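Dear colleague,

I am passing on a structure that I would like you to look over. Please open the sequence and the coordinates first, and then read the notes below them.

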Amino acid sequence: MDVSADTLRSLHRTMLTIRLFEQRVAREFRTGEIPGFVHMYIGEEAVAAGICANLRDDDYVTSTHRGHGHCIAKGCELDAMMAEIYGREDGLCKGRGGSMHIADFSRGMLGANAIVGGGIALATGAGLAATVRGTDQVAVAFFGDGAANQGVLHESLNLAAIWRLPVIYVCENNGFAESTPAAYATSVADVASRAAGYGIPGTIADGRDVLEVLAAARDAVARARAGEGPTLLEVKTYRFMGHFEGDPEKYRDDEERKELTANDALGSLEARILADGHASEADLDALRGEIEAAVDHAVEFARASAFPDPSTIERYVYPEQVAQ
Ligand SMILES: Cc1ncc(C[n+]2csc(CCOP(=O)(O)OP(=O)(O)O)c2C)c(N)n1
C-alpha cells in the first residue's frame with residue numbers, strides 16, 4: 001500500500017503513545033493507586049490506530065472495557081485521560097467513569113463500556129443520528145470476539161443493513177473472551193463471515209500490519225460516508241497482557257504467547273520507518289522521550305487532582321448537568 005511518510009509517522013506516534021501510556025498504567029495499577037480494574041490494549045494498537053486514522057474529529061467511536069487505545073487514537077488528551085483512570089475530578093468524566101467508562105464527547109469518543117457488546121447499539125444509534133441529521137459523519141463500534149456472540153450485534157447489523165447506516169463494526173478478534181478461546185465459543189472461524197447473513201461486506205485485516213488495517217478501514221469508511229451502508233471488519237489481533245491486570249493467565253501457554261508477541265505491529269512499523277529512511281534511530285528515541293515525558297506529566301496531573309466530592313454523586317447524570 002502506498003502511504004506517505006507523514007501517515008507512517010503519525011500511525012507510529014499513535015501506536016507508541018498507546019503502548020507507553022498503557023505500560024505506565026499497568027505499572028501504576030500495581031501500586032494500588034488506581035481504583036477498579038484496568039484492561040490493557042498492548043499488542044492491539046494497530047487496530048485503533050489504523051481505523052481511527054481514517055476518521056474525522058466529528059466522527060464517532062464506541063469502545064469496550066479495553067478502551068484506552070481507542071481514546072488515544074481518537075485524540076483524547078493524556079492528562080485528562082489519566083486523571084479519569086485515577087478517578088479524579090479533572091478527569092475526562094470528572095472521575096465518575098474510570099478506565100471502563102471513559103468518554104470524551106468532544107472527540108466523538110462516546111465511551112468505553114463495561115458491558116460486553118454495550119457499545120455496539122450506541123454506535124448504531126450514532127450512525128442513525130448522522131443519517132437523520134443529513135451529515136456525512138460515520139460511527140465505529142469496536143468490540144471483541146466475545147461480544148460478537150452477543151445478540152445486540154446481530155440486531156444492530158440487521159438494522160444498519162436495512163437502513164444503510166454509516167457504521168463500521170470492528171471486531172477486534174484477539175482469540176479470547178477473557179479465558180474462553182474464540183475457537184471454542186464462536187461458531188465460525190471468521191466473525192467477518194457473519195456479514196453475509198446481513199447482506200453487507202465482511203472483511204478481514206491482519207492486526208499485525210497497521211497498513212492493512214488502515215486500508216481495510218479506508219474502504220469501509222468511504223462506503224459509509226457515501227451512504228452505501230455498514231461493513232463488518234474483523235481484525236485478527238493478539239493481546240500481549242492478561243485479560244485484566246492481575247490475570248494469572250492459566251488458559252494460554254508460553255509458546256503461543258512467545259510466537260504471537262514476536263509479531264508486534266509496532267516493532268514492524270518501526271522497522272519499516274527506519275528502512276524507508278523516514279526517521280533515524282535518534283528520531284525514534286527522541287519521540288519515545290517526548291511521549292514518556294507526556295505520560296509522566298499525565299501521572300503527575302492525575303495525582304495532583306482532587307477526588308470528586310461524594311456529595312456530588314448525583315450530578316452529571318442528565319445532559320443539562322454536564323455543562324454545570
Ligand atoms: C454482558 C457482560 N457479560 C460478561 C461480562 C464479563 N466480561 C468482561 S470482559 C469479558 C470478555 C470479553 O471478551 P471480548 O469481547 O472478546 O473482548 P476482549 O476482552 O478480548 O477484548 C467478559 C465475559 C461483562 N462485562 N458483560
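Predicted model: local features only at pLDDT ≥ 70, side-chain atom pairs only at ≥ 80, totals over all residues.

Residues are numbered from 1 along each chain as its sequence is written.

The sheet is open and is formed by five strands in the order S1-S2-S3-S7-S6, with parallel pairing; strands here are DSSP runs of E with at least two residues, helices are runs of H or I with at least four, and both are numbered from the N terminus. Two strands count as paired if DSSP finds at least two bridges between them. At the edges lie strand S1 (60-62) and strand S6 (202-206), each of which pairs on one side only. From one strand to the next, the twist averages 20 degrees.

Strand S2 (residues 139-144) runs parallel to strand S3 (residues 167-173) and is joined to it by six bridges, whereas three bridges join S1 to S2, again in parallel. Ala-139 of S2 stands opposite Tyr-60 and also opposite Val-167 in S3. Further along S3, Ile-168 is the bridge partner of Val-140, and Val-170 is that of Phe-142.

As for burial, a residue is called buried if 20 or more other C-beta atoms, placed from the backbone, lie within 10 Å of its own, exposed if 12 or fewer do, and partly exposed in between. Six of the six residues of S2 are buried, so this strand is largely enclosed by the rest of the structure. Seven of the seven residues of S3 are buried, so S3 too is largely enclosed by the rest of the structure. Both faces of S3 are covered, with Val-167, Tyr-169, Cys-171 and Asn-173 on one side and Ile-168, Val-170 and Glu-172 on the other.

Helix H2 (residues 45-52) lies across S1, S2, S3 and strand S7 (231-236), running at about 165 degrees to S3, and helix H5 (residues 118-133) lies across S1, S2 and S3, at about 170 degrees to S2. The angles, from 0 to 180 degrees, are taken between N-to-C directions of axes fitted to C-alpha atoms, for helices over the stretch in contact.

Leaving aside residues up to four places away in sequence, Val-170 touches Val-47, Ile-51, Val-140, Ala-141, Phe-142, Leu-233 and Val-235.

Lastly, Arg-133 is found in helix H5 and is exposed, with 8 other C-beta atoms within 10 Å.

With best wishes

How values were computed
Contact = placed C-beta atoms within 7 Å.
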